[in-house]
Amino acid sequence: MSGTANHSFRGMWVTADGRIRHELLPNGRYDEARSGKAHAYQGRYRITGDHIDYVDDTGFTADGDFQGDTLHHAGMIFYRERI
């Protein structure tokens, strides 16, 4: 999975309750913290247009869609974290 290094969607995405933090790294990998557990899930991602495909390090696949400054993934909505 490549072509994601300079994508505008990279960065930190967080659920409204802060329980899940999903970081899209510039090297085409992601790192997800869940319920206080750092690095709960890690893997690769590819962005095509407003769509994202994930493959975690165990081989599990998932996808989502960006809608403005929100990411809709696995029945959840993530918001871009502004620093």
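Modeller: Let us begin with a term: a strand, marked E, is a DSSP run of at least two residues, and strands are numbered from the N terminus. The model before us is a predicted one. In it, His-51 lies in strand E5, which covers residues 51-56.

Biologist: What does the secondary structure of the protein chain come to?

Modeller: The protein chain has 8 strands and 0 helices. Read from the N terminus, its elements follow the order β-β-β-β-β-β-β-β. The radius of gyration is 12 Å, close to the 12 Å that the globule rule gives for 83 residues, so the protein chain is as compact as a globular protein of that length. Its C-alpha atoms fill a box of roughly 30 × 30 × 25 Å along the principal axes.

Biologist: Why is His-51 called partly exposed?

Modeller: The relative accessible area of His-51 is 24%. Buried requires under 20% and exposed requires over 50%. The value of His-51 falls in between, and therefore the residue is partly exposed.

Biologist: What makes the pairing of His-51 with the side chain of Asp-65 a polar contact?

Modeller: The two side chains meet at 2.9 Å, and a polar contact calls for a pair of N or O atoms within 3.5 Å, one able to donate a hydrogen and the other to accept it. The distance of 2.9 Å is within that cut-off, so the pair is counted as a polar contact. The side chain of His-51 also reaches the backbone oxygen of Gly-64, at 3.1 Å. Leaving aside neighbours within four places in sequence, His-51 is in contact with Arg-46, Asp-63, Gly-64 and Asp-65. As for His-72, its C-alpha atom is 9.6 Å from that of His-51, and the two residues are 21 apart in sequence.

Biologist: Is Glu-32 buried or exposed, and how do you know?

Modeller: Glu-32 has a relative accessibility of 3%. The limit for buried is under 20%, and therefore Glu-32 counts as buried. This residue is in strand E3, residues 29-34. Apart from residues up to four places away in sequence, Glu-32 touches Ile-20, Arg-21, His-22, Lys-37, His-39, Ala-40 and Tyr-41. One of these, His-39, is in strand E4, residues 37-48. The phi of His-39 is near 60°, a positive value in a residue other than glycine.

Biologist: Which other residue has a positive phi although it is not a glycine, and why is it called exposed?

Modeller: That residue is Ala-74, with a phi of about 55°. It is placed in the loop between strand E7 (70-73) and strand E8 (76-80). Exposed means over 50%; Ala-74 has a relative accessible area of 59%, so it is exposed.

Biologist: What term applies to Glu-23, and why?

Modeller: Glu-23, in strand E2 (residues 20-24), has a relative accessible area of 30% and is therefore partly exposed. Its contacts beyond four places in sequence are Gly-11, Met-12, Arg-29, Tyr-30 and Asp-31.

Biologist: How much of the protein chain counts as buried?

Modeller: Of its 83 residues, 34% count as buried. The accessible surface comes to about 4800 Å², and 49% of that belongs to carbon and sulfur atoms.

Methods
Residues numbered from 1 in each chain as written. Predicted model: local features only at pLDDT ≥ 70, side-chain atom pairs only at ≥ 80, totals over all residues. Heavy atoms only, no water. Helix = DSSP H or I, 4+ residues; strand = E, 2+ residues; numbered from the N terminus. Rg over C-alpha atoms; globule rule 2.2 N^0.38 Å. Buried < 20%, exposed > 50% of the residue type's maximum accessible area, 1.4 Å probe, protein only. Areas by Shrake-Rupley, 256 points an atom, 1.4 Å probe, with all protein chains shown as cover. Contact = heavy atoms within 4.5 Å.
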